[in-house]
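Work through the exercises below with the sequence and the model in view. Each task is followed by a stepwise solution.

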Amino acid sequence: MNSSQFKKSQFKYFCSKVGFDTKTVEFILENIDSFCYEKPPELKPDKINGGFKKYKDGTLKTRIIRPSKGKLKVIQKKIKSNILSEISLPDNVHGGVRRRSNISNAKPHQGKKFQFTTDLQNFYPSIKSKQVYDCFLKLGFSNHFSSYITKLSTWKGEVPQGAPTSTAVSNLVFLKTDIELIDFCNRNQITYTRYIDDLTFSSQSDFRNLIPELMSIVIKSGFKVSFRKTLYAGNQNVTGVDVFLNKIDAPTKIKEKVNDEKYKDMKSNPIQNYINQIQKTNIKKK
């Protein structure tokens, strides 16, 4: 098979994976800008605690949303479910992974006296198209297949905030860094988890002196740490969940909203259900 035939077969294979005919995919690839748009900067909503996210100094966080639309959005969902979700990730990674959540991300840090939390700055847009392309090559995909995924999951040269593929793609690009952090933490009896751009480390022993080495692993990989969201202390709030020595629990401000649900006589009671999900992790299995 010559290179032209190989490219053609790879394109047909890719189209079969996303469930679209070749002409439709070709049209989208050639007119990608018409399927994407950019919203004005907006405040980052805090889906876990309510309101809007803030840095530790009180400054409100903002973000630029670049969602996809139409058939591109459908194809991205197919890429996520039929291609990206088939690639296994370490147990330490919780964001955007089936059957894992912010709760499962916080639970491993229960009972740890020393906790260190930090945040990756502008996580999605900091990941460039070349990083995405190189990532898929290293995962064993052909250059053509890697090119198709990259073109359909990035825009304006970066991973866009708001696309269905963005979390899965960013997890794969960060995988090499995850593995380095996991190896370092295993050697130093440190527990490590990541929930999208939130990194959490904990241990029974004081590991303050190791923080520079942890951060150097992240920084040398090309990612930036948001030092305004960096804290070394015990009994922290980890990805929206209060972590203690003997349990994890929902923050008080979340519990206070349960009364609003009762007052409104809501049928689904999502807040109470969320609190129940957190608290049931504290029940000891017989």
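**Exercise 1.** Does I179 count as buried, partly exposed or exposed, and at what relative accessibility?

Solution. The model is a predicted one, in which local features need pLDDT of at least 70 and side-chain atom pairs count only at pLDDT 80 or more, while totals for chains, interfaces and linings use all residues. Residues are numbered from 1 along each chain as its sequence is written, and side-chain values use heavy atoms, with hydrogens and water left out.
- Step 1. Locate the residue: I179 sits in helix α9. Helices (H or I, at least four residues) and strands (E, at least two) are DSSP runs, numbered from the N terminus.
- Step 2. Apply the cut-offs: buried is under 20% relative accessible area, exposed is over 50%, and partly exposed is in between (1.4 Å probe, protein chains only).
- Step 3. The relative accessibility of I179 is 47%, so I179 counts as partly exposed.

**Exercise 2.** Describe how α9 packs against α10.

Solution. 
- Step 1. Helix α9 covers residues 175-187 and helix α10 residues 211-220; their axes are 10 Å apart, at an angle of about 165°. Axes are lines fitted to C-alpha atoms, for helices over the stretch in contact, and angles run from 0 to 180 degrees between N-to-C directions.
- Step 2. The two helices are therefore roughly antiparallel. The classes are: under 35 degrees roughly parallel, over 145 roughly antiparallel, 65 to 115 roughly perpendicular, and the rest oblique.
- Step 3. The crossing of α9 over α10 is right-handed, meaning that the near helix is turned clockwise from the far one by less than a right angle (anticlockwise for left-handed).
- Step 4. On the α9 side the contact uses T177, E180, L181, F184 and C185, and on the α10 side E213, L214, I217, V218 and K220. Contact means heavy atoms within 4.5 Å.
- Step 5. Sorted by class, this contact has six nonpolar, one polar and three charged residues. Ala, Val, Leu, Ile, Met, Phe, Trp, Tyr, Cys and Pro count as nonpolar, Asp, Glu, Lys and Arg as charged, and the others, Gly among them, as polar.

**Exercise 3.** What is the strand order of the open sheet, and how do its strands pair?

Solution. 
- Step 1. The four strands are ordered β4-β5-β3-β6, and the pairing is antiparallel. Two strands pair if DSSP finds at least two bridges between them.
- Step 2. β4 (191-195) and β6 (225-232) are the edge strands, each pairing on one side only.
- Step 3. β3 (residues 114-120) is joined to β5 (residues 198-203) by six bridges; among them, T118 is partnered with L199 and F116 with F201.
- Step 4. Four bridges link β3 to β6, including the one between D119 and S226.
- Step 5. α9 lies across β4 and β5 and runs at about 160° to β4.

**Exercise 4.** Which residues of β3 point each way, and are they buried or exposed?

Solution. 
- Step 1. In a regular strand the side chains alternate between the two faces of the sheet.
- Step 2. One way point F114, F116, T118 and L120; the other way point Q115, T117 and D119.
- Step 3. Seven of the seven residues of β3 are buried, so this strand is largely enclosed by the rest of the structure.
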